[in-house]
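The sequence and structure are shown first.

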Amino acid sequence: AQCGFDGQRSKLQQNAEFVEMEKNFENKIQHHIKNGLVSAKSGTVYTIPTVVHVLHKGEAVGTGTNISDAQIESAIDRLNEVYRGLDPSSPIDFEVQFALAKRDADCNATTGINRVNASGVTGYSANGVFYESAGADEDDLKDLSRWPETDYLNIWIVSEIDGNDGGAGIQGYANFFNGNLREGSVMMASVFGYDPGNTNGWGLNSNGDGGTVVHEFGHYLHLYHTFQR
């Protein structure tokens, strides 16, 4: 119930163009599998340039929804620990890693972190992003800051989802990568970071275990939930 992937995908499947793109991408995956074009280990590590769009409500950097660089970097570091098999509880190296972008789409130097005051978008200050019941339109929020989805993994950090005040309920969601506009992941500021025991004072959900971030990028890489049939 904390992951919005299935519900979000159901919404997107109302669009025939999305369904066709998803089917074509899945066919490519199956083609590679059936023709032996993939292996458990390739010896090549793929780095995915990542950009984090912090959609804050006007707070100073490091305060409230305008989370600090250190909190953001901790989430990326944790992703790499898990996907490169550097954590004892997840010892498989998937040969995929994430790095905050060093160059933007125009080849200018960047930190890979964009901070945007989204309080002017209708519904955002009160309820965050709309999922099922309340909040700002997701596309309107993403269009405040969005880099080419074919070149970057876009992450949008939001204040809350459906008016949950950054607490219980949907914590985040991601789309399968198909090359669609606005695809990537949406996550609350209260889950984006890794701080076991919440010793840094970031006030992260789930005691700062960073599980939501790791989970959602499995979906981005075309993994269904394990209970999916």
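## Second largest pocket

In this predicted model, 18 residues line the second largest pocket, and those nearest its centre are Gln8, Leu12, Asp139, Leu181 and Arg182. The space in this pocket amounts to about 490 Å³.

Helix H1 (5-12), H2 and helix H5 (138-142) each contribute at least two residues to the lining of the second largest pocket. By class, this lining comprises eight charged, six nonpolar and four polar residues.

## Largest pocket

The largest pocket holds about 1400 Å³ of space. Its lining consists of 34 residues, of which Phe94, Val96, Leu221, His222 and Leu223 are the closest to the centre.

At least two lining residues of the largest pocket come from each of helix H2 (16-34), strand E1 (46-56), helix H3 (69-83) and helix H6 (211-220). The lining divides into 20 nonpolar, 10 polar and four charged residues.

## Helix H3

H3, one of the elements that supply the lining of the largest pocket, has 15 residues. From its first C-alpha to its last, H3 reaches 21 Å, close to the 21 Å expected at 1.5 Å a residue. Just after H3, Gly85 adopts a positive phi of about 70°.

The buried residues of H3 are Gln71, Ile72, Ser74, Ala75, Ile76, Arg78, Leu79, Asn80, Val82 and Tyr83. These buried residues pack against E1, strand E2 (96-100), strand E3 (113-117) and H6. Of these partners, E1 and H6 each also supply at least two residues of the lining of the largest pocket.

Terms used. Residues are numbered from 1 along each chain as its sequence is written. This is a predicted model: local features need pLDDT of at least 70, side-chain atom pairs count only at pLDDT 80 or more; totals for chains, interfaces and linings use all residues. Side-chain values use heavy atoms; hydrogens and water are left out. On a 1 Å grid over the protein atoms alone, a cavity is a set of points where a 1.4 Å probe fits but cannot get out, and a pocket is an open set with protein on both sides within 12 Å along at least five of seven lines; lining residues have an atom within 4 Å of a point. Grid points are joined across faces, edges and corners, and a volume is the space filled by probe spheres set on the points. Helices (H or I, at least four residues) and strands (E, at least two) are DSSP runs, numbered from the N terminus. Ala, Val, Leu, Ile, Met, Phe, Trp, Tyr, Cys and Pro count as nonpolar, Asp, Glu, Lys and Arg as charged, and the others, Gly among them, as polar. The expected span of a helix is 1.5 Å times one less than its number of residues. Buried means under 20% relative accessible area, exposed over 50%, partly exposed in between (1.4 Å probe, protein chains only). Contact means heavy atoms within 4.5 Å.
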